[in-house]
Amino acid sequence: MHRDWIKIADFAFYLKGSAVSDNKTIEQEYKTWMCLICGWVYDEEAGLPDEGIAPGTRWDQVPMNWTCPECGARKEDFEMVVI
Ligand SMILES: [Zn+2]
């Protein structure tokens, strides 16, 4: 009986563990993108409310015609950076 209880607890822990790792896969971390021309950084978590880009907006959801607020560079001139 005691053994069975441990098995169930282990199984529950296993399920919980896999659920956590699944969440990590689905919920990707916010990224930051840096302008290669002037060094200005776009932070997905912060967005760019001044330009109508809501906080949490992913880089691929930023409009194609958007340009760097500092130097006017296009999205192609940005590179993902890890801060
Ligand atoms: Zn720039």
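What is the mean pLDDT of the chain, and what share of its residues reach 70 or more? The mean pLDDT (the predictor's confidence in each residue, from 0 to 100) is 83, and 67% of the residues reach 70 or more. This is a predicted model, in which local features need pLDDT of at least 70 and side-chain atom pairs count only at pLDDT 80 or more, while totals for chains, interfaces and linings use all residues. Residues are numbered from 1 along each chain as its sequence is written.

**Elements and confidence**

The chain holds 1 helix and 3 strands, arranged along the sequence as α-β-β-β. Helices (H or I, at least four residues) and strands (E, at least two) are DSSP runs, numbered from the N terminus.

The strands form an open sheet of 3 in the order β2-β1-β3, with antiparallel pairing. Its edge strands are β2 (41-43) and β3 (78-81), each of which pairs on one side only. From one strand to the next, the twist averages 30°; axes here are lines fitted to C-alpha atoms, for helices over the stretch in contact, and angles run from 0 to 180 degrees between N-to-C directions. In general, strands of a sheet pair through backbone hydrogen bonds, either parallel or antiparallel.

Two strands count as paired if DSSP finds at least two bridges between them. Strand β1 (residues 32-35) is joined to β3 by 4 bridges, and these two strands run antiparallel. Between β1 and β2, also antiparallel, there are 3 bridges.

**Burial and contacts**

Of the 83 residues in the chain, 6% are buried. A residue is called buried if 20 or more other C-beta atoms lie within 10 Å of its own, exposed if 12 or fewer, and partly exposed in between, with C-beta atoms placed from the backbone.

| Residue | C-beta neighbours inside 10 Å | State |
|---|---|---|
| C35 | 21 | buried |
| P49 | 10 | exposed |
| M64 | 8 | exposed |

C35 is found in strand β1 and counts as buried because it has 21 C-beta neighbours inside 10 Å. Two residues are in contact if their C-beta atoms, placed from the backbone, lie within 7 Å. Leaving aside neighbours within four places in sequence, C35 is in contact with W40, C68, E70, C71, A73, D77 and F78. C35 and C71 are 36 residues apart in sequence, and their C-alpha atoms are 8.8 Å apart. Across the chain, among contacts with a separation of 6 or more, 51% are between residues 24 or more positions apart.

**The loop between β2 and β3**

P49 has its place in the loop between β2 and β3. Not counting residues up to four places away in sequence, P49 touches A54 and P55. M64 also lies in the loop between β2 and β3, and with 8 C-beta neighbours inside 10 Å M64 counts as exposed. The C-alpha atoms of M64 and K75 are separated by 6.9 Å, with the two residues 11 apart along the chain.
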